[in-house]
Amino acid sequence: MIEYHNQNRIYLQSEPLLRTNLVAHGFTGRLGGVSTGKITGLNLGFRVQDNPESVKANYRLVAEDLQLNFHNMVLAKQTHSDHIRIVTKDDAGKGLTRQSDIEDTDGLITNLPEIPLVVFSADCVPLLFLDPKQKVIAAVHAGWRGTLKMIAGKAIQKMHQFFNCDPSNILAAIGPSIGPCCCEFDTTDASLFPSQYLSQQENNKVLVDLWAMNRDQLIEHGVPSQNIDTSRICTICHANQYYSYRTHKERTGRQGAVIMLRP
Ligand SMILES: [Zn+2]
């Protein structure tokens, strides 16, 4: 992935996605927004303790920086589910410029241009997909619960089911999130995960590799491994540049992952 800067705002962009020229996209960071106080920065979460006007202003900055259609951005009420929505023309602007009825949803898919799909997170794994052939995009929020529910794999399935996407054409980008260096669980919770993603620590804790788990889910669903671009940036190790729920607890903001088909 490459960094794109505007003033002190830093975005990560996936080179294979850029090369298609079909989408505007990016993973946002924390620096350079208008939010103040404990969540100072480019907070994109409305359901944290921030002024909604500041959040909206941050979205406007992101839209300008990444050349996204601000008015049409679609945000879901994320719940760590495996529910994925096909976004239609009627959904344009929901959650940002219009009242939203997109509840209990952690994945968004569309084949419509000019409708940016947004997921937000603070440690959870954000994923962006593009099928350059069928011109279909997706944005997915996969925390550890969503990863266990296989939401990334299910999104690939849905792209195939609804838009006839061949998974072997799909490009995937996995954004900044909690890394295998910091994703610590106690042994009881860790037992929920397949053992190949675990590494036992001396302190009786277990580290889980959510990046590898999401990557393998995509491969199992037919996405070639060379099509998967992982940022490998851990939001806890880089908590000065990213919002991190585990680092800053309840009083933290959210960064975003956003993708839009160009007109
Ligand atoms: Zn880390």
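Me: What does "buried" mean here, and which residues of helix 6 are buried?

Reply: Buried means under 20% relative accessible area, exposed means over 50%, and partly exposed lies in between (1.4 Å probe, protein chains only). This is a predicted model, where local features need pLDDT of at least 70, side-chain atom pairs count only at pLDDT 80 or more, and totals for chains, interfaces and linings use all residues. Residues are numbered from 1 along each chain as its sequence is written, and side-chain values use heavy atoms, without hydrogens and water. Helices are DSSP runs (H or I, at least four residues), as are strands (E, at least two), numbered from the N terminus. In helix 6, residues 210-220, the buried ones are Leu 210, Trp 211, Met 213, Asn 214, Gln 217 and Leu 218.

Me: Which residue takes a positive phi just after helix 6?

Reply: That is Gly 222, with a phi of about 100°.

Me: How should I read a pocket, and what volume has the largest pocket?

Reply: Rolling a probe the size of a water molecule over the atoms shows where empty space is left. On a 1 Å grid over the protein atoms alone, a pocket is an open set of points where a 1.4 Å probe fits, with protein on both sides within 12 Å along at least five of seven lines; lining residues have an atom within 4 Å of a point. Volume is the space filled by probe spheres set on the points, which are joined across faces, edges and corners. The largest pocket has about 580 Å³. Of its 24 lining residues, His 80, Ala 122, Cys 124, Tyr 245 and Arg 254 are the closest to its centre.

Me: Which helices and strand each supply at least two residues of that lining?

Reply: Strand 7 (117-121), helix 3 (144-148) and helix 7 (245-248) do.
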